[in-house]
Amino acid sequence: MHNLRDIEVDFIESDLKSQGIVSEDLRDDLLDHICCIIEEEKQEEDDFYEYYHRILPRFFKKELSEIQIETNNLLKFKNFYIMKKIMNYSGAATVVLTIFGALFKSFHLQGAGILIILGGFSFSIIYLPLLIILKLKDEESKIDKLVHSFGLILAIFLSAGVLFKIMSWPLANNLMFYSTLLFTFIFVPVYFITRFRHPEKKFNTTVNSVLMIAVGGIFYSMFDMSYSKRYEQLMVEDHIYMHEGAEKLRASNERLLLNESANTISAELHFKSEAINAKIEELAAYITENKTTANLIQLSNGLDEKVNSYNLQVAELNMPELTQIEMRPFERLNEVNTILAMKVLARTQQQLAVNENCYLTKIIAHK
Amino acid sequence: MYICLMYSSELIKGTLKTIILNLLRDKGRMYGYEITAKVKELTDGKIQITEGALYPTLHSLEKSGELETEKEFIGKRVRKYYSLTSQGQETASQKVNELTDFMNTMKFLLDLEPKTGNA
């Protein structure tokens, strides 16, 4: 039996450390184990250093740090199977909830919203994040880990965007647009380039890339789609109808103003109403001429003051028949298309005419 | 990660935890080298647990609360004795029962035992 000297124990310990056994706990175990082997199995005539290097390969296949890596993996992914199970359950829950949510929504049944929200959450908050963690463990190359994680994070944002859109929550369009844009034009090419070179992955990579580009491209093209021709026609007709109605009412108001009962208040209301109307006509003329809503914000400068002054007078009159003019739709005119913008303008013109008409008819009736 | 002189690694893959837990249930407390030596002795060298498989498993069992450790100084080095916690005792029984049941099923499946009944 070989009695180990302190210098030999120190040598083994520092060698273990230099070969990648960084955890002190594991190093203590291996040091004791190696010391035991030397004490029990080494022959007196064997040289310590030569014997040590001879027995060390028992501990690994390629290098000693494998034990450290394996230990780390087992400790880190202790819950690997639980995570996999939760992922499978959340995947199944997503499928069931989404299908039933869609069916309920089609048949206008109660609870559709809840089912869809739960399905979306289960997919984007549980299923996809777990998939990222498990992929990080499975993939061997660092680049593959990064690329997969990037793709899955985009998928989380995209599915959250779809969920927000279905539920009419804010930021839905931004979430969907930017995640689709990055997914289709950055993730898929990077995925293809990084994996295409490996012969064993070539076929799957090509098929997956084609599928992802097709789906992403279709999704992307849907963002900038205008209304269908039939719906567009209906909206134009609607706008013309509203605008004509407002014009008729304005003409009628002009006649009512000539009535002896009309007073300075009605003249003031008419003046303010006409000021807004003139600005609206200016905006409508710009849209008709340029076929765009861009720059409408700059063009509508001064409108807010006119609307505020008008609303102030409506508030002072304190008549339930009168409705204040909302400024918010005007602030977002450049974000909508021309048809919708024209509709907003015609609606406001109609409201102005209705307000004035209500006021005039009321004071005339009271005389 | 196993070195098996007689059995293929596929055959005993997944039984390492059961072997360790059961051994510690019988012997009380053991250190790493002792475990490998004991398994080798009990199986006449047919199963030899490699250090590369043993220590990651011991550390994982310790982290999950099945094992606890005591440290003793032997000169300049530290020896860690592993023993079962109460949770480990339970897991050991479960694992052994599960493996026994599996082996019986395999015996029946492979027709290694005369069947009784339906004669």
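Biologist: In the hairpin of strand 4 and strand 5 of chain B, which residue takes a positive phi?

Modeller: Most residues other than glycine have a negative phi. In this predicted model, the residue in that hairpin is B:Gly75, with a positive phi near 65 degrees. Two residues lie between the strands of the hairpin.

Biologist: How many bridges hold strand 4 and strand 5 of chain B as a pair, and in which sense do they run?

Modeller: Strand 4 and strand 5 of chain B are paired over eight bridges, in the antiparallel sense. Two of the positions can be found by eye. B:Phe73 is opposite B:Val78 of strand 5, and B:Glu70 is opposite B:Tyr81 of strand 5.

Biologist: What should I keep in mind about side chains when I walk along such a strand?

Modeller: In a regular strand the side chains alternate between the two faces of the sheet.

Biologist: What is the strand order of the open sheet in chain B?

Modeller: The order is 2-5-4, three strands with antiparallel pairing. Strand 2 (29-30) and strand 4 (67-74) of chain B are the edge strands, each pairing on one side only. Strand 2 of chain B pairs with strand 5 of chain B over two bridges, in the antiparallel sense. There, B:Met30 has B:Tyr82 of strand 5 as its bridge partner.

Biologist: Which helix lies across strand 2 and strand 5 of chain B?

Modeller: Helix 2 of chain B, residues 16-27, lies across those two strands. Helix 2 of chain B runs at about 90 degrees to strand 5 of chain B.

Biologist: Now the other chain. How many helices and strands are there in chain A?

Modeller: Chain A has 15 helices and zero strands. Of its 367 residues, 24% are buried. Take the contacts in chain A between residues at least 6 apart in sequence: 68% of these join residues at least 24 apart.

Biologist: Is A:Val188 buried or exposed?

Modeller: The cut-off for buried is 20 or more other C-beta atoms within 10 Å. A:Val188 has 21, so A:Val188 is buried. A:Val188 sits in helix 8 (residues 172-196) of chain A. Setting aside neighbours within four places in sequence, A:Val188 is in contact with A:Phe183, A:Ser209, A:Met212, A:Ile213 and A:Gly216. A:Val147 is 41 residues away along the chain, and its C-alpha atom is 9.4 Å from that of A:Val188.

Biologist: Where does A:Lys291 lie, given its positive phi?

Modeller: A:Lys291 is not a glycine, yet its phi is positive, about 55 degrees. A:Lys291 lies in the loop between helix 11 (264-290) and helix 12 (296-299) of chain A. With 9 other C-beta atoms within 10 Å, A:Lys291 is exposed. A:Asn295 lies in the loop between helix 11 and helix 12 of chain A, and its phi is also positive, near 70 degrees. The cut-off for exposed is 12 or fewer C-beta neighbours. A:Asn295 has 12 inside 10 Å and so counts as exposed.

Biologist: How many residues of chain B are in contact with chain A?

Modeller: The contact joins 18 residues of chain B to 22 residues of chain A. On the chain B side, helix 3 (32-42), helix 4 and strand 5 (77-84) are the elements that give two or more residues. Helix 4 of chain B gives the most, with seven residues. By class, the chain B side has five nonpolar, seven polar and six charged residues.

Biologist: At what angle do helix 2 of chain A and helix 4 of chain B pack?

Modeller: Two packed helices are described by the angle between their axes and the distance between the axes. For helix 2 (residues 24-41) of chain A and helix 4 (residues 51-63) of chain B, the angle is about 140 degrees and the axes are 11 Å apart. Roughly antiparallel needs an angle over 145 degrees. The two helices are therefore oblique to each other. Helix 2 of chain A passes helix 4 of chain B in a right-handed crossing.

Biologist: Which residues make the contact of these two helices?

Modeller: Helix 2 of chain A uses A:Leu26, A:Asp29, A:Leu30 and A:His33, while helix 4 of chain B uses B:Glu51, B:Tyr55 and B:His59. By class, this contact has three nonpolar, two polar and two charged residues.

Technical notes: Residues are numbered from 1 along each chain as its sequence is written. Chains are lettered from A and ligands numbered from 1 in the order in which they are written. This is a predicted model: local features need pLDDT of at least 70, side-chain atom pairs count only at pLDDT 80 or more; totals for chains, interfaces and linings use all residues. Axes are lines fitted to C-alpha atoms, for helices over the stretch in contact, and angles run from 0 to 180 degrees between N-to-C directions. Helices (H or I, at least four residues) and strands (E, at least two) are DSSP runs, numbered from the N terminus. Angles under 35 degrees count as roughly parallel, over 145 as roughly antiparallel, 65 to 115 as roughly perpendicular and the rest as oblique. A crossing is left-handed if the near helix is turned anticlockwise from the far one by less than a right angle, and right-handed if clockwise. Two residues are in contact if their C-beta atoms, placed from the backbone, lie within 7 Å. Ala, Val, Leu, Ile, Met, Phe, Trp, Tyr, Cys and Pro count as nonpolar, Asp, Glu, Lys and Arg as charged, and the others, Gly among them, as polar. Two strands pair if DSSP finds at least two bridges between them.
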